[in-house]
Structures are given as C-alpha cells and as structure tokens.
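The following exercises concern a single protein model. Please inspect the sequence and the structure before working through each solution.

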Amino acid sequence: MSAEADGAGLALVILAAGRARRYGGCKPLAPVGTHGEAVIDLVASDALAAGFETIVLVLGPSTGPAIRYHVEHTWPDAVDVRFATQPSPLGTVDAVLCASDYVGGAPYGVGNADDVYGRDGSALLAEHLRAGGDDNALVGYRLADAVIGFSPVTRGICRVADDGRLLGVDERRQVHANGGGGFLADDGNEPTNLPADARVSMNLWGFTAAFHKTLRAAMDAAVDASEESEVLLPEVVAQSLGTSSFTVLAAEGRCVGVTHPDDLSLVQAELNREVAAGERPAGLWPSLHAG
C-alpha cells in the first residue's frame, strides 16, 4: 500500500471529507456489502477492477482518521492508495485541488465516497480517460438506476446534445417514483414528470489536466469561499461549458448511495441482489486476484 506522490497510475479521486449531517455518521464506512464491506471499499474495488490503478482519498479532519485507519487495516497491500487532506470544508472544488500532488498533470476521475458507482460506470470513465483527448467526461446514469426506495431525493438531470456533449445539468428536488414506471419532481419546476431513462449526474467526473487548471482558477477567484459559501464542482462545470467540453458517458449499471439512515438497508438489499444475480462479484478486489 503506497502513500508516495510519485509513480501514480490512472487515478480516481474519492471525495471522503464530507460531514454527512443528514446521515448522522461516517457514510464512507457504512456497512453496505454482503459481508459488511464499507461503501468506500466497494467504490475502490469496483474502480480498480474497471481499469483505474490508483485511489486518492481526500479526507477531512473529523472523519479522516477513522477512514484512514480502516483503509490501512483492511485493504490489501497491493492497492495503490494515496491520502490527501482537506483542512477546511470549502467545497468539492477545493477537495479535488487538495489531491493535486497526485493528479495535477494527467487526466483523472473524481467520485463521491458515498455512492457505489458499479463496474460499468467506472469502466466507461477509465476507458475515456485512457483514450486521451481534450474532452472531459460525466458519467450519466438512468434516473431509474440512480434512485433507491421511495424517499424523495435531489438529482441533476443532464441536458445532452445529439453528439453526446453535456449542455447543462438541471438540479431537481423532491424526486420520487410515481408508481407507473416514471418519476415526479415536486419542486415547483417544470417538467413535473421525469422519464425513467433521463440521464442524471451522480458526480462521477473525468477531468483533463487543462480542466484542473480551470478548477484552480475558480478557487483562486472565490475570495469568499467558506463553510457557508462552498465552491462546488457542478457549478464550476456549468460556468465553464462555453469553453470546456464534456462528454456524457451513458452507463447501463446502477448507482446506489447512502444519503439518509433509512437508505442503509435498501442499499444492502440491492447489493445482495446484484451478487445473487451475478452482476457483481461476491468478494472485493477481484482484479488483484486475477490470474
């Protein structure tokens, strides 16, 4: 298990510095797997199996020590993991920039520590990043594959051009199933009805080295950044769409995450179903044991 700055491979930056006020605990360590594996274990294992080589964990001062202890005592030594610290909660742009020592000069992925993105979405992103090019990326999941249970959630609905370019993301609140295969958004905005196959952002991004500089410029310009005025990735992406190109990668698998305490049993049941159906391996780190 490495913590050195040099020699990093294709990296996925996992943002694990959040304080999880709605959940009331450390969401990255929530035991969602079939054998009690934590969310962060599944995110990292899926990413490595999908083609990423390095995991960069961005940790905060409150939950960071517990997450690091868990990783150092349960992940295999063969996992290339790097640790970065976000000292203050200034937002997700600042969190990504805290990982600059490991990703600043090459394309890299970014994801949350409380969403299990699955193999398909992670593989699409790794393939896109390995191909090079000037396009950034956003993995878009079907709305039906990104909602679990019946509690209302907030989801970013992607507006996508015919050629797959991202035109914008519309944040819709109070989204829930309508009982007929579609979804409703009770936030007072139109359209009220949302199709099950609408593409949504679950904040699984792919950034080029050039866009990393855009993030740095946005943070430098935010002189009033604070806990109450965070600088957020979706907002910076939206502001940059006139000058930066993003390709929406259409994932076919599910993305399930823990937002509220009641979500834990639902995510556990979904992951158990996926293992039973052969959609995901029963154990962690399959890529480390291949051959």
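Contact here means heavy atoms within 4.5 Å. The model is predicted.

**Exercise 1.** Determine where serine 244 lies, whether serine 244 is buried or exposed, and which residues serine 244 touches.

*Solution.* Step 1: serine 244 is placed in the loop between α7 (233-240) and β12 (246-250). Step 2: the relative accessible area of serine 244 is 15%. Buried means under 20%, so serine 244 is buried. Step 3: leaving aside residues up to four places away in sequence, serine 244 touches Asn136 and Phe211.

**Exercise 2.** Compare the span of helix α6 with the expected value, and assign the buried and exposed residues of α6.

*Solution.* Step 1: helix α6 comprises residues 209-221, 13 residues in number. From first C-alpha to last, α6 reaches 19 Å, close to the 18 Å expected at 1.5 Å a residue. Step 2: the buried residues in α6 are Phe211, His212, Leu215 and Met219. They cover an arc of only 110° around the axis, and therefore sit on the same side of α6. In general, an α-helix has 3.6 residues a turn, so residues three or four places apart point the same way. Step 3: the exposed residues Ala210, Lys213, Asp220 and Ala221 are carried on the face of α6 turned away from its buried side.

**Exercise 3.** Characterise the lining of the second largest pocket.

*Solution.* Step 1: the volume of this pocket is about 180 Å³. Step 2: its lining includes Asp46, Arg119, Glu274 and Arg280. Step 3: helix α5 (residues 118-130) gives the most to this lining, with 3 residues. Step 4: the lining residues divide into 7 charged, 2 polar and 2 nonpolar.

Notes. Residues numbered from 1 in each chain as written. Predicted model: local features only at pLDDT ≥ 70, side-chain atom pairs only at ≥ 80, totals over all residues. Heavy atoms only, no water. Helix = DSSP H or I, 4+ residues; strand = E, 2+ residues; numbered from the N terminus. Expected span 1.5 Å × (residues − 1). Buried < 20%, exposed > 50% of the residue type's maximum accessible area, 1.4 Å probe, protein only. Arc of directions from axis to C-beta. 1 Å grid on protein atoms, 1.4 Å probe; cavity = no way out; pocket = protein on both sides within 12 Å on 5 of 7 lines; lining within 4 Å. Points joined across faces, edges and corners; volume = space filled by probe spheres on them. Nonpolar A, V, L, I, M, F, W, Y, C, P; charged D, E, K, R; others polar.
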